[in-house]
Amino acid sequence: MMLTEVTAVPQAALPVDALKDHLRLGAGFPLPTGQDALLESYLRAAMAAIEGRIAKALIRRRFRWTLEDWRDPSEVPLPIAPVSAVVSVTLVDLAGVETVLPGTSWRLVSDLHRPKLAGAGSVLPPVPTDGQAVIEFDAGFGPAWSDVPADLQQAVLLLAAEYYEHRHDDGSAGAGLPFGVVTLLERWRQIRILGGKGRT
């Protein structure tokens with residue numbers, strides 16, 4: 001299985017000004033000029049770390065998920081949430097011939113934590129032997145920073161500030177996310193039970 005981003009978070013959606021205000025509040029002095037590109041890189045890094053931790057896309061964008069077979073022929077959980085739309089489902093055979101499935105053969109089961117692609121009838125169309133299924137979908141809380149829940153916004157700013165403030169470290173600082181960030185993320189974490197088929 002492989003999940004890739006088809007589109008990136010737009011630069012305009014990044015809260016660079018909010019991070020500047022956060023850093024000024026913490027440091028008590030103005031930031032050097034010309035820092036926008038640096039702050040943008042730390043925001044992107046913080047967002048990626050948080051998205052990886054909670055399996056949620058913060059800003060809406062398009063993803064492509066490639067898998068060799070359906071784990072369950074009736075429905076397959078999508079790897080990241082929340083999903084607003086499934087754009088296409090394509091089956092690819094061993095020779096590379098693609099078959100785009102009609103929207104009448106599948107449906108999106110929306111869920112904040114565990115959205116699924118399900119068969120419109122009883123099962124999804126079978127993946128060709130030694131072939132692949134390619135699913136393109138849009139995931140994220142919304143297209144703008146204001147669409148991101150407030151606690152996740154705060155977690156991003158805290159982590160980006162941590163990256164900025166320790167940018168000259170030699171790597172000897174403690175690994176892992178700061179405690180404050182972990183606390184903010186706790187309610188968004190997906191806990192899998194029953195072999196990944198359930199959650200608490």
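# Exercises on a predicted model

D138 lies in strand 8, which covers residues 132-139. The structure used in these exercises is a predicted model.

## Exercise 1: D138 and its partner

Task: Decide whether D138 is buried or exposed, and find which side chain it joins in a polar contact.

Solution. Step 1: take the relative accessible area of D138, which is 15%. Step 2: compare it with the cut-off, since buried means under 20%. D138 is therefore buried. Step 3: look at the side chain. A polar contact of 2.7 Å joins the side chains of D138 and R62. Step 4: check the charged groups. D138 and R62 form a salt bridge, with the closest N and O atoms 2.7 Å apart. The two ends of this pair are in distant parts of the chain: D138 is in strand 8 and R62 in strand 2, 76 residues apart. R62 has a relative accessible area of 29%, so R62 is partly exposed. Step 5: list the surroundings. Leaving out residues up to four places away in sequence, D138 touches R60, R61, R62, P82, V83, S84, A85 and V87.

## Exercise 2: Salt bridges

Task: State how many salt bridges the whole structure has, then describe the one between R44 and E40 and the one between R61 and E51.

Solution. Step 1: a search of the whole structure gives 10 salt bridges. Step 2: for R44 and E40, the closest N and O atoms are 3.3 Å apart. Both residues lie in helix 2 (residues 36-54), four residues apart, which is about one turn of the helix. In general, an α-helix has 3.6 residues a turn, so residues three or four places apart point the same way. R44 is partly exposed at 30% relative accessible area, whereas E40 counts as buried at 16%.

Step 1: for R61 and E51, the side chains meet in a salt bridge of 2.5 Å, N to O. R61 is in strand 2 (residues 61-67) and E51 is in helix 2, so this pair ties together parts that are 10 residues apart in sequence. R61 is buried at 4% relative accessibility, and E51 is buried with a relative accessible area of 9%. Step 4: look for further links. E5, E51 and R61 are linked in a network of salt bridges.

## Exercise 3: Helix 3 and G96

Task: Compare the span of helix 3 with the expected span, then locate G96.

Solution. Step 1: helix 3 (residues 150-165) has 16 residues and reaches 22 Å from first to last C-alpha, close to the 22 Å expected at 1.5 Å a residue. Step 2: the buried residues of helix 3 include L152, V156, L159 and Y164. Step 3: G96 is in the loop between strand 4 (83-92) and strand 5 (98-100). G96 is partly exposed, at 43% relative accessibility. Step 4: from C-alpha to C-alpha, G96 and Q132 are 9.1 Å apart in space, and in sequence they are 36 residues apart.

Key: Residues numbered from 1 in each chain as written. Predicted model: local features only at pLDDT ≥ 70, side-chain atom pairs only at ≥ 80, totals over all residues. Heavy atoms only, no water. Expected span 1.5 Å × (residues − 1). Buried < 20%, exposed > 50% of the residue type's maximum accessible area, 1.4 Å probe, protein only. Polar contact = N/O pair within 3.5 Å; in protein donor to acceptor, adjacent residues only side chain to side chain. Contact = heavy atoms within 4.5 Å. Salt bridge = Lys/Arg side-chain N within 4 Å of Asp/Glu carboxyl O.
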